[in-house]
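Okay everyone, thanks for coming. Let me put the structure up on the screen, and then we'll walk through a few spots together.

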Amino acid sequence: MSTTCLFCRIASGEISAALVAERESCLAFRDIAPQAPVHVLIIPRTHASSLNDSSANPVLADLLALARDVALQEGIAESGYRVVVNTNDDGGQSVAHLHLHVLGGRALRWPPG
Ligand code: AMP
């Protein structure tokens, strides 16, 4: 855990977040600035700075499975949703702790811009 990483501090409970689901290796909470009616972030409990960080390898399947479970739980699995992993500067990543965005509850445009 990094004591300066925002999402590590959320994972440890030091900073509160609106929890949606928890698993042994990862957790899901609502994005503080939602871009869609459903906007949930999925993070590994162990720090990995981005999808490029190979230390995330053991939990990648868990993260994707939790994204699917959250979509079901939030009632958007049938209507449809998007899972996004912004990575580094050109990808628009602003928090350097690997996270998946689960977005849904409205029709999402493509390309994302
Ligand atoms: P990204 O830009 O892909 O790195 O996504 C980071 C996301 O974290 C943004 O959508 C922010 O709105 C969200 N965020 C930042 N701080 C918090 C927080 N304290 N609780 C929940 N979401 C946050």
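So, which residues come nearest to the ligand? There are 16 residues around the ligand, and D31, N86, S94, H99 and H101 come nearest. Before I go on, please keep in mind that this is a predicted model.

Let's stay with the ligand for a minute. The side chain of D31 puts an N or O atom 2.5 Å from a ligand oxygen. With S94 it's the backbone: a polar backbone atom there sits 2.6 Å from an oxygen of the ligand. And H101 comes in through its side chain, with an N or O atom 2.8 Å from a ligand oxygen. How much of the ligand's accessible area does the protein cover? The ligand on its own has 500 Å² of accessible area, and the protein covers 82% of that.

Next, a serine I'd like you to look at. S50 is in the loop between β3, residues 38-44, and α2, residues 60-73. Is S50 buried or exposed? Its relative accessible area is 5%, and the cut-off for buried is under 20%, so S50 counts as buried. The S50 side chain also reaches over to the backbone nitrogen of N52, at 3.0 Å. And if you ignore the neighbours within four places in sequence, S50 is in contact with T87, N88, Q93 and L98.

Now the aromatics. The count here comes to 1 aromatic pair. It's F7 with F29: the ring centres are 5.5 Å apart and the planes are at 80°, so we call the pair edge-to-face. Where do these two sit in the chain? F7 is in helix α1, residues 6-12, while F29 is in strand β2, residues 26-30, so this pair links distant parts of the chain, 22 residues apart. Both F7 and F29 are buried.

Okay, charges. As a reminder, side chains of opposite charge can pair when their charged atoms come close. How many salt bridges does the structure hold? There are 5, and I'll take you through some of them.

One is R9 with E14, where the closest N and O atoms are 3.0 Å apart. R9 is partly exposed, with a relative accessible area of 27%, and E14 is partly exposed too, at 48%.

Another is E22 with R45, again with 3.0 Å from N to O. That pair links distant parts of the chain: E22 is in strand β1, residues 19-22, and R45 is in the loop between β3 and α2, 23 residues apart. E22 has a relative accessible area of 45%, which makes it partly exposed, and R45 is partly exposed at 28%.

Then there's R30 with E74, at 3.0 Å from N to O.

Last one for today: which residues do salt bridges with shared partners join into one network? Those are R23, R68 and D69.

That's my tour, so over to you for discussion.

Conventions:
Residues are numbered from 1 along each chain as its sequence is written. This is a predicted model: local features need pLDDT of at least 70, side-chain atom pairs count only at pLDDT 80 or more; totals for chains, interfaces and linings use all residues. Side-chain values use heavy atoms; hydrogens and water are left out. Helices (H or I, at least four residues) and strands (E, at least two) are DSSP runs, numbered from the N terminus. Buried means under 20% relative accessible area, exposed over 50%, partly exposed in between (1.4 Å probe, protein chains only). A polar contact is a pair of N or O atoms within 3.5 Å; within protein, one must be able to donate a hydrogen and the other to accept it, and residues adjacent in sequence count only if both atoms are side-chain atoms. Contact means heavy atoms within 4.5 Å. Rings of Phe, Tyr and Trp (its six-membered ring) pair if their centres lie within 6.5 Å; planes under 30 degrees apart count as stacked, over 60 as edge-to-face and the rest as tilted. A residue is near a molecule or strand if one of its heavy atoms lies within 4 Å of it. Accessible areas come from the Shrake-Rupley method with a 1.4 Å probe; for residues, only the protein chains shown count as cover. A salt bridge is a side-chain nitrogen of Lys or Arg within 4 Å of a carboxyl oxygen of Asp or Glu.
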